[in-house]
Amino acid sequence: MWNRTSRNSFQTTPSDILSDIQSDLQIKKTSDGSAPDYGYFVTPQSCPVKLLFETKGGKHTYSLAKSSDSCYLVDNGTQSTDNLPKQASNTAALSQETVKNGDKDYNANVIAVGGSSLFTSQIINSSAFGNGTYMVDLAKYATGTADSSSEVQLTTQPLNAQDITMTSQVSTFLGLGVFVLLIPLIVAVLGIWVYNKRRHL
């Protein structure tokens, strides 16, 4: 988990890191050929993603996002941050290898991020952050569809969606009729029946 000064964190929460999108790998170009501005890119509770090499054989690694140099690494056992070294570290990276299929070359990509919290609906669907737009562009780049004219729309899909929907009349009937009247009546009738049965033993 990373901790940083409030200047580079969201809502002064030290673990909600605002990372900088890197230009090592341009995943999308604007009409003038420059990289798009994604605004704030938040990477909450991120671990560092270490690049072991830049180029090795046919593989290349790229930093996608990096924390500021005011960050330091902490874990559950950290008692004090006074003497911890501060440094910028990768919070997301991509590894790429060119593979052949017949007479065509394709890029095989592996993406590593420091934490899954940046994919939560509150962040992806928030207009305050560029996470949603950036992740769509990154997915299109990684799948070789960056030049496709088809647009990808972000839709909210709650993880705890209700399986049953009911009207207010049905809700009232279940709450008042079943649980307040019917079930106590059944219990009372059963109680009277058991009492009469045991009395005549």
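Colleague: Where is Ser70 found?

Modeller: Ser70 sits in the loop between β5 (59–66) and β6 (72–73). Keep in mind that this is a predicted model.

Colleague: Is Ser70 buried or exposed?

Modeller: Buried means under 20% relative accessible area. Ser70 has 7%, so Ser70 is buried.

Colleague: Which side chain does Ser70 contact?

Modeller: That of Ser68. The two side chains are joined by a polar contact of 2.8 Å.

Colleague: Now the rings. How is a pair of aromatic rings described?

Modeller: By two values: the distance of the centres and the angle of the planes.

Colleague: How many aromatic pairs does a search of the whole structure find?

Modeller: The search finds 2. Take Tyr38 and Tyr134: their ring centres are 5.0 Å apart. Planes over 60 degrees apart count as edge-to-face. Here the planes stand at 85°, so this pair is edge-to-face.

Colleague: Why does the pair tie together parts that are 96 residues apart in sequence?

Modeller: Because Tyr38 lies in the loop between β2 (16–21) and β3 (41–44), while Tyr134 belongs to helix α2 (residues 131–142).

Colleague: Are these two tyrosines, Tyr38 and Tyr134, buried or exposed?

Modeller: Tyr38 is buried, at 11% relative accessible area. Tyr134 is buried too, at 3%.

Colleague: What pair do Phe41 and Tyr134 form?

Modeller: An edge-to-face aromatic pair, with 5.2 Å from centre to centre and 70° between the planes. Phe41 is in strand β3 and Tyr134 in helix α2, so this pair links distant parts of the chain, 93 residues apart. Phe41 is also buried.

Colleague: Which residues form one aromatic cluster?

Modeller: Tyr38, Phe41 and Tyr134.

Methods: Residues are numbered from 1 along each chain as its sequence is written. This is a predicted model: local features need pLDDT of at least 70, side-chain atom pairs count only at pLDDT 80 or more; totals for chains, interfaces and linings use all residues. Side-chain values use heavy atoms; hydrogens and water are left out. Helices (H or I, at least four residues) and strands (E, at least two) are DSSP runs, numbered from the N terminus. Buried means under 20% relative accessible area, exposed over 50%, partly exposed in between (1.4 Å probe, protein chains only). A polar contact is a pair of N or O atoms within 3.5 Å; within protein, one must be able to donate a hydrogen and the other to accept it, and residues adjacent in sequence count only if both atoms are side-chain atoms. Rings of Phe, Tyr and Trp (its six-membered ring) pair if their centres lie within 6.5 Å; planes under 30 degrees apart count as stacked, over 60 as edge-to-face and the rest as tilted.
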